There are 2 protein chains.
Amino acid sequence: MIETPYLLFLGDAPDMLAAKVAIGIRDWRPEHAVGQFRLEGCGADLGLTDMTLAEAKDAGAKTLVIGVANRGGVISKEWKKVLVTALEEGFDLASGLHNLLRDEPDLVAVAEATGRTLHDVRVPSVKYPIADGKKRKGKRCLAVGTDCSVGKMYTAMAMEREMQERGMKATFRATGQTGILITGDGVPLDAVIADFMAGSVEYLTPDNDDDHWDLIEGQGSLFHVSYSGVTMALVHGGQPDALILCHEPTRAHMRGLPEYQLPSLQQLRDTALPLARVANAACQVVGVSVNTQHMGEDEAKAYLAKVEEEMGLPATDPYRFGSGKLVDALAAI
Amino acid sequence: MIETPYLLFLGDAPDMLAAKVAIGIRDWRPEHAVGQFRLEGCGADLGLTDMTLAEAKDAGAKTLVIGVANRGGVISKEWKKVLVTALEEGFDLASGLHNLLRDEPDLVAVAEATGRTLHDVRVPSVKYPIADGKKRKGKRCLAVGTDCSVGKMYTAMAMEREMQERGMKATFRATGQTGILITGDGVPLDAVIADFMAGSVEYLTPDNDDDHWDLIEGQGSLFHVSYSGVTMALVHGGQPDALILCHEPTRAHMRGLPEYQLPSLQQLRDTALPLARVANAACQVVGVSVNTQHMGEDEAKAYLAKVEEEMGLPATDPYRFGSGKLVDALAAI
């Protein structure tokens with residue numbers, strides 16, 4: 001668990017795109033973000049109060065979160081100065097960078113001397129069990145995609161918010177770096193050892209109240225040959241009661257695989273559902289989440305209507321039109 | 001690559017069951033085994049010449065392979081004495097034990113001093129790439145099972161031998177500890193980081209001659225919720241042209257999962273084939289390999305005949321009746 005609230009470190013981010021993690025925290029856990037810390041020349045602005053480390057400390061911040069990708073995989077001198085000072089002033093550090101904080105001897109030395117914690121969310125900090133497949137209490141919903149990066153995390157986040165607003169019991173369960181930094185907890189599934197993948201998902205989504213929903217962040221795709229094993233572990237380890245199909249209709253090919261075409265939503269349903277039923281015979285596909293960012297509004301609405309008719313399932317773009325339809329479908333189970 | 005030939009260390013194995021790895025080497029790569037080394041009270045005997053370290057060295061042995069499971073996950077004093085002496089006498093050591101040779105400071109010190117290598121095949125020694133899904137030359141066959149431990153390794157080994165005897169180009173590709181120790185090379189897939197699983201299988205089965213077959217050792221099962229992600233990575237990373245369905249008909253439930261039933265061979269086919277075709281549209285299911293060890297001979301033959309009729313595919317128990325039918329089916333592709 002990463003201690004909240006956070007001061008969001010934007011560093012010298014060239015643009016908003018580089019600040020994806022910080023934006024996620026601001027959008028989904030605004031109560032976790034007391035302010036932003038920017039270096040000279042920073043091209044990103046979250047619209048949060050700019051704070052010094054001391055000001056953020058006074059405002060209650062516990063952890064400095066690196067909310068930005070670094071260039072060339074190197075932690076620069078300018079960054080390092082801030083990170084060291086933050087440790088000295090009593091902040092923990094949290095990072096999803098590929099190059100780990102724990103691999104920087106100066107940060108390790110200062111963290112030890114000051115008794116602070118370095119959170120590298122890219123790698124697991126838990127020894128996960130092997131999955132035992134035992135039926136768990138509570139309900140679980142998993143977003144599965146026709147491809148990677150089609151909006152699975154966003155869908156689960158949006159559903160969690162809507163469900164909580166309705167007074168339903170719901171918890172987003174992070175399985176990737178961004179989700180872990182946003183919520184302060186989770187499993188970095190792509191970095192887990194093969195034998196323990198499904199077990200780590202069981203660990204992440206334990207027994208719960210009968211009317212509680214875990215909204216499990218999806219990863220990869222059963223149709224993405226690079227990462228399908230990770231997706232499979234979610235489908236079986238997650239033991240989902242409900243699947244949401246996620247799709248981005250304008251993509252020309254599978255992400256990073258120019259020779260591979262996206263499956264149809266029907267193919268995704270017909271593949272994912274029987275596999276999910278191995279772990280939970282009661283699993284149902286309850287809705288479709290479409291990322292329509294590359295479509296005009298009329299086009300998006302027409303597409304969603306067509307999907308609803310063809311699939312016989314509620315379909316929405318949760319970013320554009322809200323996740324209400326998907327939550328209605330969950331509530332009806 | 002582990003240097004061959006080997007001296008097989010049986011230690012104080014209580015019985016033959018504990019010497020599974022050594023038996024595998026003797027059965028499948030007899031040319032790799034110059035002899036066996038047994039301690040006082042050893043209850044296993046491979047029928048190989050008992051040799052001292054010096055005799056084995058004279059006979060050309062390069063590596064002492066721990067061909068036996070240890071008790072309680074501890075390397076005993078008696079074992080240690082032999083292992084240290086072996087390093088001093090110029091042997092490399094190879095082990096598939098859970099507790100790693102590299103975690104024993106005395107072995108590490110002696111190996112460094114003598115310039116010998118400690119091979120822990122349970123953990124990867126290669127930084128594998130992320131899979132790119134590019135179409136590779138040569139042909140690949142993958143054994144997929146209704147469950148774990150139904151004879152997938154044995155099937156691939158038996159097919160390799162039969163194919164080589166027929167003058168076909170064939171290479172068994174190990175994906176587990178036993179297979180790696182038998183052949184001296186491979187990928188310990190269950191210990192690979194999730195993101196790199198499919199990439200490690202691509203690495204293991206690269207471009208080859210058009211008429212060359214890689215016989216990929218299967219792992220887990222698409223229907224085994226603990227390990228299905230590993231299997232999925234084989235199905236996509238392996239890009240198989242041919243699948244062999246493997247089954248053990250007398251099992252009461254999935255291995256280690258008392259609440260889960262085995263799928264039928266039809267279910268296995270209908271699940272595995274569409275998934276395999278994501279990576280290789282030409283993939284076919286070519287045959288069925290049945291482990292009939294718990295059936296009488298007549299019963300086994302009747303069962304195989306029934307499978308052939310129901311599935312429309314050649315079916316055999318490669319241990320009992322040879323793998324000829326399966327190789328015939330591959331040769332016909």
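**Exercise 1.** How far apart do the end C-alpha atoms of residues 130-327 of chain A lie, and what percentage of the span is helix and what percentage strand?

*Solution.* The model is predicted, so local features need pLDDT of at least 70 and side-chain atom pairs count only at pLDDT 80 or more, while totals for chains, interfaces and linings use all residues. Residues are numbered from 1 along each chain as its sequence is written, chains are lettered from A in the order in which they are written, and side-chain values use heavy atoms, with hydrogens and water left out. The end C-alpha atoms lie 32 Å apart, and the span is 39% helix and 16% strand, where helices (H or I, at least four residues) and strands (E, at least two) are DSSP runs numbered from the N terminus.

**Exercise 2.** Find the order of the strands in the open sheet of chain A, and identify its edges.

*Solution.* First, the 5 strands follow the order 2-1-3-4-5 with parallel pairing, and two strands pair if DSSP finds at least two bridges between them. Next, strand 2 (33-38) and strand 5 (118-120) of chain A each pair on one side only, which makes them the edge strands. Finally, strand 4 (residues 92-95) of chain A is joined to strand 5 of chain A by 3 bridges, and Ala94(A) has His119(A) as its bridge partner in strand 5 of chain A.

**Exercise 3.** Determine how chain A is laid on chain B.

Definitions and conventions
Least-squares fit on C-alpha atoms with pLDDT ≥ 70 in both.
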